[in-house]
Amino acid sequence: VCVCACVFTCIYLPLPLLQEVLTCRPELVVVSPLRRALQTYEALFHSDTHRAIPLLVSPLVREQRYSSCDVGSHPLQLVNAFPGVQSEQLHALGPCWWGGDLGEAQVRAAGFIPATHKETMAEMRQRLEEMRQLLLRAPQQIIVVVCHSVVIYQIVGQWVHNCAVVPWDISQPVGACRCTSFACSCQAQHEAAEHKNQDQVEEKEEQEEEEEEERLTQQLQHKLEERLAEL
């Protein structure tokens, strides 16, 4: 099975990209329910002929739940925003299909995802492996997956630019080493990258806690000033 994984964050796509994706004659399209992925799907597969290609909208290929931009929209909002996408699939997503039991309004108001609700790399790899198993059982041979940068890094082991198309050998488990060298150092590199990412996560969490503490302090100070003014 040949799977092309695509990452986009805009709806204006370069012509070579359109040609590369469409000339491979995909038999199935899998797309993340995040708005930027759905926008890309509509830009790529806009004609009646392209819309006839079977579509699977799946949270399994959504971006890692790390920032507020990784929290999606309620299915009813998606149905209204994307009339060209099969509404029954959007309705079937569920209210918090991005996981973590976090409401969209709650995250938007806070501006960030609490550390206890962020998705780890291990959790992400588990759901991507579930998708790989699903694709292995699919009867289609040429599949296009419209997804995101961290997803692509986990499945092919490389970071890609926006509007990139890369092949995905789904015979290999998610996160497997793809080198043929006997003295392969990929595992060490991957572990170092994940440790660095974890350090960055912890640093950001500390910064968010400090900002929240400062905000609360300012609120208390403001209330105290108001009370003193009333006296």
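Here are a few notes on this structure, which is a predicted model.

1. Start with the overall layout. The chain has 9 helices and 5 strands. Going along the sequence, they come in the order β-α-β-α-α-β-α-α-α-α-β-α-β-α.

2. Next, how the chain is packed. Of its 231 residues, 40% are buried. If you take the contacts between residues at least 6 apart in sequence, 80% of them join residues at least 24 apart.

3. Have a look at Gln64, which sits in the loop between strand S3 (55–57) and helix H4 (75–81). Its relative accessible area is 7%, so Gln64 counts as buried, the cut-off being under 20%. The side chain of Gln64 reaches the backbone oxygen of Glu119 at 2.8 Å.

4. What else does Gln64 touch, leaving aside neighbours within four places in sequence? Besides Glu119, the residues in contact with Gln64 are Asp70, Thr120, Met121, Met124, Arg127 and Val150.

5. Now go to helix H9, which covers residues 186–230 and includes Leu228. Is Leu228 buried or exposed? Leu228 counts as exposed because its relative accessibility is 55%, and the cut-off for exposed is over 50%.

Notes:
Residues numbered from 1 in each chain as written. Predicted model: local features only at pLDDT ≥ 70, side-chain atom pairs only at ≥ 80, totals over all residues. Heavy atoms only, no water. Helix = DSSP H or I, 4+ residues; strand = E, 2+ residues; numbered from the N terminus. Buried < 20%, exposed > 50% of the residue type's maximum accessible area, 1.4 Å probe, protein only. Polar contact = N/O pair within 3.5 Å; in protein donor to acceptor, adjacent residues only side chain to side chain. Contact = heavy atoms within 4.5 Å.
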